[in-house]
Amino acid sequence: MFFSLKNKVSLSSLIVFSLLSFSNNSFAAKKTVDIKKDKTKISKQIKNTLPLKYMMPPKEIADLVDAPLTPIVSVSPDKKLMLMMNRPSLPSISDFVKPEFGLAGVRINPKTGGTSKEQSYNGLKIKKVGVGKEIKISGLPKNPRINFVDWSADSKYIAFVNTTESSLEMWIVNTEKHDARKLSDLRLNATNGKPFVWLSDNKTLICTVTPGDIGNEPEKPRVPFGPVVQESIGRKAPSRTYQDLLTNPYDENLFDHYFTSKLVSINLDGKVTRLSDAKIISDFKPSPDGKYILVEKIHKPYSYLVPIYRFPRKIEVLDINGNLVKNMADLPLAEEVSTSFGAVEEGRREFGWRADKPATLYWVEAQDKGDPNVKAKIRDIVYTLPSPFKAKPISLISLSSRFKDVVWGSNKLAMISEYWWKTRNEKTWITPPDFPQFKAKLLFDRSSEDAYNDPGNPVMKQTSYGTNVLDISEKDQSIYLTGKGASIEGDRPFLDKLNLKNLEATRLWRSTAPYYENMIKILDQDSMTLLTKIESVNKQPNYYIRSLSKKTINQITDFPHPTPQLAKIKKQLISYKRDDGVTLNATLYTPEGYTPEKDGRLPVFMWAYPREFKDAAAAGQVSGSPYEFIRIFWGSPLFWVTHGYAILDGPAMPIIGEGDKEPNDTYVKQLVASAKAAVDEVVRMGVGDKDRIAVGGHSYGAFMTANLLAHSRLFKAGIARSGAYNRTLTPFGFQSEERNFWKAPNVYSAMSPFNNADKIKDPLLLIHGIADDNPGTFPLQSERLYNAIKGLGGKSRLVMLPNEAHHYQARESVMHMLWEMTEWLDKYVKNPEKPVDKTKK
């Protein structure tokens with residue numbers, strides 16, 4: 001819980017002090033007789049380095065932050081219309097000084113009935129695919145904050161949620177008349193996600209709404225109920241370091257109050273029909289034919305150890321009038337699920353509807369008690385059950401590893417994938433779902449790490465029900481596959497046609513240099529007409545219609561370049577080797593017009609994020625494309641290419657553990673080796689000055705940064721944002737480490753930069769959101785590392801951003817973050833102080 005509705009929080013009080021701290025050996029008092037003079041000098045230094053307001057970075061950086069955002073495009077189910085959704089620039093910090101509760105792992109705005117800090121659209125336009133101009137939608141709410149945009153299956157309507165200061169409203173757009181209107185005065189409840197879904201009749205929406213008789217917020221007792229007690233009775237119940245959990249009976253009352261909703265139907269005339277009593281409805285899915293609703297309801301006992309998705313819940317099938325048809329499951333509290341990857345709850349899970357049938361349920365059941373450490377030949381079984389749900393469930397397929405997903409096509413075709421974390425093995429099967437007596441056929445058997453041999457994802461089409469199924473070519477019984485097309489040349493998206501009889505794939509199209517082109521939709525199967533999006537390094541992404549049969553291409557949108565000041569910077573995909581022979585890759589950006597011969601060596605800012613691998617060959621594969629458009633966002637390192645730096649973005653930091661070896665057993669050694677290889681390469685190229693290189697990262701990249709400064713002297717400075725630095729505070733696993741602290745204490749210790757704070761000899765800037773909601777990256781992590789460095793006499797600065805979570809959103813916060821980073825880089829990297837020669841008098 002952060003702010004009570006009854007407590008007024010002024011913006012000025014939050015801006016007055018942004019919790020900036022600074023430690024520098026130069027601040028230590030010199031030995032002098034004039035103690036008073038020395039104290040005055042220190043006081044002035046502190047005053048000059050602790051701003052009491054948000055600061056602005058250099059103009060060239062600030063202009064990039066404020067650059068207009070390109071609209072998001074959504075294509076209608078009939079493929080005839082395009083919806084352009086305008087995005088606002090970064091919101092003000094004043095938008096975040098609002099009530100916010102953290103309950104059961106979810107942060108909500110108690111005034112609106114939705115999640116807090118929700119990003120939204122502020123305008124809608126519509127145009128025909130391929131022809132005509134954009135048409136502005138009339139009748140939109142004043143100062144709209146639009147979310148959860150969804151087409152009706154017939155493409156005649158678009159539904160969306162508008163957020164006001166006190167509620168969530170249901171709105172409808174008529175795509176033929178190009179106008180919008182509010183559908184109902186009911187207050188939607190989106191505490192559990194999207195609060196509505198279309199029925200297949202294209203005239204009705206099923207919604208979760210806040211009950212009108214919900215009453216006032218429970219009053220916090222002035223006198224405690226009593227002690228808060230939890231007890232372990234000798235059964236293992238490990239859990240990751242979740243945030244915003246329930247902590248006491250008052251939290252439970254708040255949870256009941258704000259998460260309770262009713263299920264209703266609303267037709268296009270605004271008529272409302274109640275479908276359920278007031279319950280905590282965590283999920284609801286109408287059957288494709290619109291005759292049934294699959295509903296998930298949370299019930300007590302709640303937990304103070306795990307989030308809402310582990311709470312007890314009932315799964316029921318209701319008819320369209322809200323009458324109970326079938327109890328499918330009553331799942332208990334899941335506190336005892338293993339933290340091992342691949343662990344799942346016992347009993348039925350993953351409920352859904354077959355997308356190709358009117359009303360057939362499917363679900364998955366674990367055969368190994370949900371524990372990947374239990375030996376079992378069969379781990380999961382997928383079942384189906386057609387309406388009226390009275391027959392015995394049908395076993396569709398038995399899987400030797402963990403169910404991943406299912407894609408429905410027809411009564412003769414479904415694709416089912418399974419996955420096993422320890423080996424990174426992924427299998428995809430094809431099976432005729434209406435004929436379970438026939439054995440499934442193995443389609444793909446591959447490593448999930450092997451991007452070069454990724455066959456791609458199936459192309460989907462929308463049915464009259466509004467569901468998505470496989471786009472099957474009935475002419476020759478083929479399906480289509482599309483993917484990013486990773487290769488040694490970089491990513492080259494493709495479209496393949498896979499014959500289901502002989503399982504051979506034919507390449508129909510592939511992106512070619514110097515462009516990066518993505519297939520969005522197949523507009524016409526017979527003529528092989530595609531909707532694609534084309535971009536290049538300096539060419540803004542726009543939409544095109546490409547005809548493979550006619551070999552023609554036509555541009556249909558004309559979005560301008562949002563940041564023309566970046567159009568002439570140089571982008572280069574580079575490859576190099578680590579000292580153990582592993583191939584590494586990175587993207588190098590240099591300022592406009594720069595050449596090493598003419599301009600000499602540059603200061604370098606390296607921004608990275610480590611990844612674990614089980615296969616060294618896969619770790620060395622090229623990722624990304626040299627032809628993708630140069631994008632920038634609040635957390636990008638590219639801002640400083642306009643400030644005279646070379647940027648090494650995404651240098652590979654693979655942590656490899658082949659066979660039975662665990663990657664993290666040699667984390668530090670591999671991390672330093674990868675960083676050294678990157679530094680050596682930019683220096684070898686004549687671009688980087690080896691004495692002016694900084695490293696930085698966000699989250700796990702921040703953890704990496706602190707470790708590199710603790711275990712090497714490769715860098716003049718580091719910048720670590722929103723990281724975790726003491727792994728004993730995440731004792732039941734972190735990132736891709738599934739062993740707990742007590743199984744691998746030496747690994748946890750060696751990987752914790754907090755334990756090695758005395759070795760951090762180069763300046764480290766720590767930035768953290770005060771309201772960080774990410775598991776494990778508590779603000780305390782940055783505070784304690786800063787205190788350790790300060791206490792040991794190192795150089796560090798701690799910046800705590802008010803009202804910011806794991807990813808920063810407010811304009812003032814982002815601008816100040818960029819100011820801090822610029823000051824740090826310029827002081828310690830671009831223009832470092834020359835060391836004093838103590839041999840000279």
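## Surroundings of F311

F311 touches A104, L246, F255, I298, Y302, S303, V306 and L333, leaving out residues up to four places away in sequence; contact here means heavy atoms within 4.5 Å. This is a predicted model, in which local features need pLDDT of at least 70 and side-chain atom pairs count only at pLDDT 80 or more, while totals for chains, interfaces and linings use all residues. Residues are numbered from 1 along each chain as its sequence is written, and side-chain values use heavy atoms, without hydrogens and water.

F311 sits in the loop between β18 (292-298) and β19 (313-319). Its relative accessibility is 0%, so F311 counts as buried (under 20% relative accessible area; exposed is over 50% and partly exposed in between, with a 1.4 Å probe and protein chains only). K271 is 40 residues from F311 along the chain, and their C-alpha atoms are separated by 34 Å.

## Confidence

The protein chain has a mean pLDDT of 92, and 93% of its residues reach 70 or more; pLDDT is the predictor's confidence in each residue, from 0 to 100. Over residues 1-48 pLDDT stays under 50, and the model has 86 contacts beyond four places in sequence for them.

## Nonpolar cores

The largest nonpolar core has 60 residues, of which L648, Y667, F715 and L785 touch the most other members. Such a core is a set of buried Ala, Val, Leu, Ile, Met, Phe, Trp, Tyr and Cys residues joined through side-chain atoms within 4.5 Å. Helix α7 (residues 667-684) gives the most to this core, 10 residues; helices are DSSP runs of H or I with at least four residues, and strands are runs of E with at least two, numbered from the N terminus. A second, separate core of 36 residues includes A62, I569, Y645 and A694.

Beyond four places in sequence, the contacts of L648 include I574, L588, F605, W607, A678 and V682.

## Helix α10

Helix α10 (residues 779-791) has 13 residues and spans 18 Å from its first C-alpha to its last, close to the 18 Å expected at 1.5 Å a residue (1.5 Å times one less than the number of residues). Its buried residues are P779, Q781, S782, L785, Y786, A788 and I789. G793 follows α10 and has a positive phi, near 85°.

## Charges over rings

R424 lies over the face of W421, 3.6 Å from the ring centre, and R507 over that of F494, at 4.3 Å. The rule requires NZ of Lys or CZ of Arg within 6 Å of the ring centre and within 35 degrees of the ring normal.
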